Structure formats: structure tokens, C-alpha cells
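Keep the structure in view as you read.

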Amino acid sequence: ASLAFAGPASADAADDNSLTMIKAAELGCGQGPFECPTGDSDMIQIGRAICRQLTHGNSTLAVSQAIMRQKPGVPPETIARLVAISKSAYCPS
């Protein structure tokens, strides 16, 4: 499960919801372990990529493990929170 991103993200209600939850969990740009060279759109892209992986048949555990491989040193509970937020915001069904 790769979290490759393509193109800029355009904001919508799900994006706003995701960013609100990410910032409340102190995982937003400048708060958490993820770099945001282009600002909040980076966190939006990460959230959308996580949901794509989940909707393509990958389990929450598999997606979390893929992120752990890409971001060694990030605490597993931090990644679990990010995956849960992304799932809630972008693929709630």
C-alpha cells in the first residue's frame, strides 16, 4: 500500500472536517510528524490517499503499517489516529 499523491487537493466539506480533526489531535502542519511543504493541502492529500487505500481493499492495519514503513520513528498510536481521522472524514461508509 503506497501513499503516493497526485495533484493538488481542492478543499471541500470533508477536507474541512479532516483538517479540524487533525488539528484537534495535534497532527496538523507544524504540529505532528508529517511535513507540509505546501501547507494544509498536504494533510488533505494524505487523508485522501489513506481513504483510497482503505476503499481498495486494504485493511486499517495494512495502511497503518505502510505509513509506519514510510515514516519510521512515528509512534504507532499517532499513525492510528491519523488513519482513523482520515477514514472518518473521507470514507465514513
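**Cysteines, helices and core**

Q: Is Cys-36 buried or exposed?
A: This is a predicted model, and the values here are computed from it. A residue counts as buried when its relative accessible area is under 20%. Cys-36 has 18% relative accessibility, so this cysteine is buried.

Q: Which residue does a disulfide join to Cys-36?
A: A disulfide is a covalent bond between the sulfur atoms of two cysteines. Two sulfur atoms within 2.5 Å count as such a pair. Here the S to S distance is 2.3 Å, and the partner of Cys-36 is Cys-29.

Q: Why is the disulfide of Cys-29 and Cys-36 called left-handed?
A: Look along the S-S bond of Cys-29 and Cys-36. The handedness follows from the torsion about that bond, which is about -90°.

Q: How many disulfides does the count come to?
A: Cys-51 is buried, with a relative accessible area of 9%. Cys-91 is buried too, at 9% relative accessibility. The disulfide rule asks for sulfur atoms within 2.5 Å. By that rule the count is one.

Q: What pattern does the chain follow along the sequence?
A: The chain has zero strands and four helices. Read along the sequence, the pattern is α-α-α-α.

Q: How far apart are the end C-alpha atoms of H2?
A: H2 has 16 residues. At 1.5 Å a residue, the helix should span 22 Å. The model agrees with this, as the end C-alpha atoms are 23 Å apart.

Q: Which helices do the buried residues of H2 pack against?
A: The buried residues of H2 include Met-43, Ile-46, Ile-50 and Leu-54. An α-helix has 3.6 residues a turn, so residues three or four places apart point the same way. The buried residues of H2 pack against H1, H3 and H4.

Q: Which residues touch the most other members of the largest nonpolar core?
A: This core has 22 residues. Helices H1, H2, H3 and H4 each give two or more residues to this core. The members with the most contacts inside the core are Met-43, Ile-50, Ile-67 and Leu-82.

Q: Which residues does Leu-82 touch, not counting residues up to four places away in sequence?
A: Contact means heavy atoms within 4.5 Å. By that cut-off, Leu-82 touches Ile-22, Leu-27, Phe-34, Met-43, Ile-46 and Ile-50.

Q: Which residues is Thr-78 in contact with, leaving aside neighbours within four places in sequence?
A: Thr-78 lies in helix H4. At 9% relative accessibility, Thr-78 is buried. The contacts of Thr-78 are Leu-27 and Pro-33.

Q: Is Glu-26 buried or exposed?
A: Glu-26 lies in the loop between H1 and H2. Its phi is positive, near 60°, although Glu-26 is not a glycine. Relative accessibility is 56%, so Glu-26 counts as exposed.

Terms used:
Residues numbered from 1 in each chain as written. Predicted model: local features only at pLDDT ≥ 70, side-chain atom pairs only at ≥ 80, totals over all residues. Heavy atoms only, no water. Core = buried A, V, L, I, M, F, W, Y, C linked by side-chain atoms within 4.5 Å. Buried < 20%, exposed > 50% of the residue type's maximum accessible area, 1.4 Å probe, protein only. Expected span 1.5 Å × (residues − 1).
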